[in-house]
Amino acid sequence: MRIYNVAIVGATGMVGQRFVTLLERHPWFRPAFLLASARSAGKTYAEAVNEKWAMDVPVPDYAKNITVLDAEKDAETLVGKADFVFCAVSLDKEQTRALEETYARLELPVVSNNSAHRFTADVPMIIPEVNPQHLGIIPSQKKRLGTKRGFIAVKSNCSLQSYVPLLHPLKKFGIRCAAVCTYQAISGAGKTFDRMPEILDNVIPYIGGEEDKSEREPLKIWGTVQNGEIIPAASPIITAQCLRVPVSDGHTAAVFVKFEKKPSKEEILALWRDFSGEPQTLALPSAPKQFIRYFEENDRPQAKLDRNAERGMGITAGRLREDSLFDYRFIGLSHNTLRGAAGGAVLLAELLAAKGYFD
């Protein structure tokens with residue numbers, strides 16, 4: 001595999017910092033450009049992040065002295081120098097849509113962690129093990145944008161990773177409906193405990209926009225490509241509640257599911273154990289070898305103990321049992337800034353690279 005020069009747009013934020021750390025020794029991707037807001041532009045990366053650095057490891061040496069560029073004004077400077085960009089900006093949706101399309105029209109493919117284009121009909125929203133076939137929409141998107149190699153591909157919302165991969169292999173039994181309650185870590189809000197004192201000894205029962213994303217995004221992921229658009233699936237019905245909890249990293253989901261044809265517990269466990277996808281087949285660098293791990297213990301998975309499964313890229317599950325209202329209930333867990341954010345975007349980029357979309 002060739003080495004790709006990469007730009008990280010939004011490099012000073014929580015997810016941008018994850019990108020900076022994840023790409024330090026990546027075998028395919030060399031992070032050559034770091035971009036952020038006008039406030040950070042012109043500073044070295046170490047100066048720009050300074051006290052905002054939120055990772056549990058130091059700023060990587062390679063990044064410290066890179067001069068930060070302006071994400072909005074310096075896009076053209078990347079042309080012919082960067083092979084693609086990761087985007088994780090803190091702008092409103094209209095600004096983000098416009099910014100990502102600017103990069104794409106400059107023939108710089110965009111792998112986005114943002115939500116702005118998740119419901120653009122010709123933009124694939126990918127969980128690499130679940131719906132890699134949606135990458136087939138990219139030629140239609142390029143036609144709309146008038147580009148030869150520029151396009152936008154997005155990852156789904158971080159909360160979905162804790163339950164959609166667990167539901168996906170069970171679709172063969174006809175999922176009629178599912179109820180999901182997610183318990184989401186503060187890093188999903190770009191916070192640490194010292195920057196979010198209101199979460200201490202507390203649970204906040206509202207996260208703006210999360211419930212709508214949690215109910216709608218799975219239907220696009222399970223949708224079909226037709227006539228240059230991704231048509232969302234009509235079912236299953238999903239209802240969600242999303243709570244912010246005093247956990248640093250790791251989103252937990254309590255899931256209830258009803259089927260057209262109820263499987264046995266043994267069938268569900270076998271499907272989870274054996275579930276893998278193209279990232280595993282292609283042996284992508286960030287792919288977990290065991291995508292889903294099930295715990296027999298009643299008190300697992302736990303965020304503190306299990307969020308780093310498979311370097312934070314695995315999904316863990318537990319407490320599968322029959323339910324008196326639905327057919328089954330269970331618990332899911334994923335690392336929200338690794339599998340759910342930067343790591344999931346890196347895995348998506350690896351899939352795109354392996355399939356030649358950056359060439």
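## Ser40 and its contacts

Leaving out neighbours within four places in sequence, Ser40 is in contact with Thr12, Ala48, Lys52 and Val68, where contact means heavy atoms within 4.5 Å. Ser40 sits in the loop between strand 2 and helix 2 (45–49). Helices (H or I, at least four residues) and strands (E, at least two) are DSSP runs, numbered from the N terminus. The relative accessible area of Ser40 is 5%, so Ser40 counts as buried. Buried means under 20% relative accessible area, exposed over 50%, and partly exposed in between, with a 1.4 Å probe and protein chains only.

## Basis of the model

This is a predicted model, in which local features need pLDDT of at least 70 and side-chain atom pairs count only at pLDDT 80 or more, while totals for chains, interfaces and linings use all residues. Residues are numbered from 1 along each chain as its sequence is written, and side-chain values use heavy atoms, with hydrogens and water left out.

Seven strands form an open sheet with parallel pairing, in the order 3-2-1-4-5-7-6. Two strands pair if DSSP finds at least two bridges between them. Strand 3 (69–70) and strand 6 (125–126) are the edge strands, and each pairs on one side only. Strand 1 (residues 4–9) and strand 2 (residues 29–36) run parallel and are paired over six bridges; Asn5 has Arg30 in strand 2 as its bridge partner.

Strand 7 pairs with strand 5 in the parallel sense over three bridges, and Val111 has Ala153 in strand 7 as its bridge partner. Strand 6 is joined to strand 7 by two bridges, and these two strands also run parallel; here Met125 has Val154 as its bridge partner in strand 7. In a regular strand the side chains alternate between the two faces of the sheet. Strand 7 is covered on both faces: Ile152 and Val154 are buried on one side, and Ala153 and Lys155 are buried on the other. Helix 12 lies across strand 1, strand 2, strand 4 (84–87), strand 5 (110–112), strand 6 and strand 7 (152–155), and runs at about 140 degrees to strand 7. Angles run from 0 to 180 degrees between N-to-C directions, and axes are lines fitted to C-alpha atoms, for helices over the stretch in contact.

Strand 8 (residues 175–184) pairs with strand 12 in the antiparallel sense over eight bridges, and Cys181 stands opposite Ala254 in strand 12. Val255 belongs to strand 12 (residues 251–259) and is buried, with a relative accessible area of 0%. Not counting residues up to four places away in sequence, Val255 touches Tyr163, Leu167, Ala179, Val180, Tyr328, Arg329 and Phe330. Gly190 is 65 residues from Val255 along the chain, and their C-alpha atoms are separated by 25 Å.

## Pocket and cavity

Rolling a probe the size of a water molecule over the atoms shows where empty space is left. On a 1 Å grid over the protein atoms alone, a cavity is a set of points where a 1.4 Å probe fits but cannot get out, and a pocket is an open set with protein on both sides within 12 Å along at least five of seven lines; lining residues have an atom within 4 Å of a point. Grid points are joined across faces, edges and corners, and a volume is the space filled by probe spheres set on the points.

The largest pocket holds about 1100 Å³ of space. It is lined by 49 residues, of which Val15, Ala88, Val89, Ser90 and Asn114 are the closest to its centre. Helix 1 (14–22), helix 4 (93–105), helix 7 (210–221) and helix 12 (338–354) are the elements that give two or more residues to this lining; the largest share, four residues, comes from helix 1.

One cavity of 30 Å³ or more is found in a search of the whole structure. The largest cavity has about 40 Å³ of space and is lined by Ile126, Ile127, Pro128, Lys155, Ser156, Gln161, Arg339 and Gly344.
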